[in-house]
Amino acid sequence: MSNESNPREVRAPRGTVLNTKGWVQEAALRMLMNNLDPDVAEHPDKLVVYGGIGKAARNWESFDAIVKALKNLEEDETLLIQSGKPVAVFRTHKHSPRVLLANSNLVPAFANWEKFHELDKKGLMMYGQMTAGSWIYIGSQGIVQGTYETFAELARQHFGGSLKGTITVTAGMGGMGGAQPLSVTLNDGVVIGIDVDATRIQKRIDSRYLDQVVDSLDEAIALAKEAASEGRSLSIGLVGNAAEVLPAMIGKAFIPDIVTDQTSAHDPLNGYLPAGYTLEQGRKLREENPEQYVKLSKSSMAVHVEAMLEMKKLGSIVFDYGNNIRQVAFDEGVSNAFDFPGFVPAYIRPQFCEGKGPFRWAALSGDPEDIYKLDEVVMKTFAHNEHLCKWIRMAKEKIAFQGLPARICWLGYGERAQFGKIINDMVATGELKAPIVIGRDHLDAGSVASPNRETEAMRDGSDAVADWPILNALVNVSAGASWVSVHHGGGVGMGYSMHAGMVVVADGTKEAEERLERVLTTDPGMGVVRHADAGYDLAIETARNKGIRMPMIAK
Ligand code: NAD
């Protein structure tokens, strides 16, 4: 078996003609293919969807075998995927998931990149990231509302509710990081987004996430200052290495208002380019001397974090954006690397306490009209939530679809089940042209254990407890999700996280209605429960108000 790149082009089928024996199998097939759509994936020829080497299938032989298995899968059977390879089909029953996936899981004492690469080279493993290996990636839109919410909350906490007149500096214009420039401009701010790879920056310009690109730091600073002083929003892509550009900014006494980073620092071999190297030189070194590459990459990250710490000292608001760069710098001897906070405890946790997180849906018809109809329904159903309605209006106007038309919307406990039923009814009546796939990121309220990210600084100190994502996956299987996944290492790299994904299909049937009701209750319910158990008042109150039964929390 080989990991060689393969030039073939994969795109999900559209329309109402089935290629499989049922809509749930069809949904899995289309979402797998959609993950690899050249408009969606970062390196589809290598099966890489996003996040360093986050893949949709282990290799092309496995991809073909998955497609074949899905086409033959009966409505009472379940296909098992082990790190991107289809390994079995069992007869289960109609209400059970059609696909179960376990990606990148290693026994804890062996859970590091060295072991992973050894197994990956032997063709025994695949890195699934979060939504890459669990077939519910929808392009940069999948993260854009979360990123928008993060910057909106930052604006509320530090800048009176708007980023107008402020300058943000960040790096990493990849699959997820590429959502940053648009999120800052949606909050009326100015942003300089650094990336070593000009093609990544161009991709963000093509998909309207970024306004313009420059090569010179001086030009970027001048443009940013001018726009900020005029109160104009603007996003500027700067081709450069963050480990060089940030120290150079300090050298020029340019101290941004806000500093963060979304290079793929979680993966020092494939996700971060050492300072002083061109992309080509980096590629060569990675192949010829991976140990040396990792060494240089980690020491560059230490320089990068030191510059972020210095900017914090000089007045910038600095936060870690979920790529584990602080941990690498700390291991490299930067003892105060954790002096700036992660984005979850700083800006997102209250949402998790209400079971809110990156909920999403995609139209299997391929017709944007289906999404626009659902936009209208969201705004009608949740009209009282002005913030959410503003998001939908902006998304409709500013976000270009990638692959199958899709929408992201941070809904919480109760709201998700309510909306799931509405969607299913609209499929049943034919208002929507084809079934809708409903899913979420693994970065959600109750589906991840990641002490340097989603579960950083938990109130009761339970940051590293990984029972929660396992319970999340188990209860979603019991509730009848369409496919469920358990992954390791997503977001922050090998050894640092465990997380689970779920997808449920609204195909308009009565059976789907029941499954949706159950799954869209258990899944966000786990978020409320996880945070209530950790002692968060808002989560305890939510559990009480919504009637979630927790045997050790009084009604
Ligand atoms: P990606 O691999 O698609 O993109 C990473 C980008 O970083 C690439 O464009 C690469 O060229 C660039 N890069 C590498 N080294 C650089 C350097 N030294 N200087 C400047 N640019 C450099 O990854 P992605 O999907 O965009 O994810 C980025 C990171 O963010 C990952 O670590 C991921 O786990 C994390 N992440 C965070 C969130 C969140 O909500 N906070 C969500 C998903 C992912």
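**Reading the model**

Tutor: Let us begin with the record: an unreviewed UniProt entry lists residues 10–136 as "domain: Urocanase N-terminal". UniProt positions are given here in the numbering used for this model, feature names are shortened, and annotations may be inferred rather than shown by experiment. Residues are numbered from 1 along each chain as its sequence is written. The model is predicted: local features need pLDDT of at least 70, side-chain atom pairs count only at pLDDT 80 or more, and totals for chains, interfaces and linings use all residues.

Student: How much of residues 10–136 is helix and how much is strand?

Tutor: Helices (H or I, at least four residues) and strands (E, at least two) are DSSP runs, numbered from the N terminus. Over residues 10–136 the chain is 28% helix and 18% strand, and the end C-alpha atoms are 15 Å apart.

Student: In which sense do strands S3 and S4 pair?

Tutor: Two strands pair if DSSP finds at least two bridges between them. S3 (residues 77–82) and S4 (residues 85–91) pair in the antiparallel sense over six bridges, and threonine 78 has phenylalanine 90 in S4 as its bridge partner. The two strands form a hairpin with two residues between them, where serine 83 in the turn has a positive phi of about 40 degrees. S3 also pairs with S5 (residues 99–103), in the parallel sense over four bridges.

Student: What is the order of the six strands in the open sheet?

Tutor: The order is S8-S9-S7-S6-S10-S11, with parallel pairing. Strand S8 (212–214) and strand S11 (317–318) stand at the edges, each with a single partner strand, so one side of each is left without a neighbour in the sheet.

Student: How are two packed helices described?

Tutor: They are described by the angle between their axes and the distance between the axes. Axes are lines fitted to C-alpha atoms, for helices over the stretch in contact, and angles run from 0 to 180 degrees between N-to-C directions. Helix H4 (residues 141–158) and helix H12 (residues 343–353) pack at an angle of about 100 degrees, with axes 9 Å apart. H4 and H12 are therefore roughly perpendicular; angles under 35 degrees count as roughly parallel, over 145 as roughly antiparallel, 65 to 115 as roughly perpendicular and the rest as oblique.

Student: Which residues come nearest to the ligand?

Tutor: A residue is near a molecule if its C-beta atom, placed from the backbone, lies within 6 Å of it. Of the 35 residues around the ligand, Gly174, Gly175, Met176, Gly322 and Asn323 come nearest.
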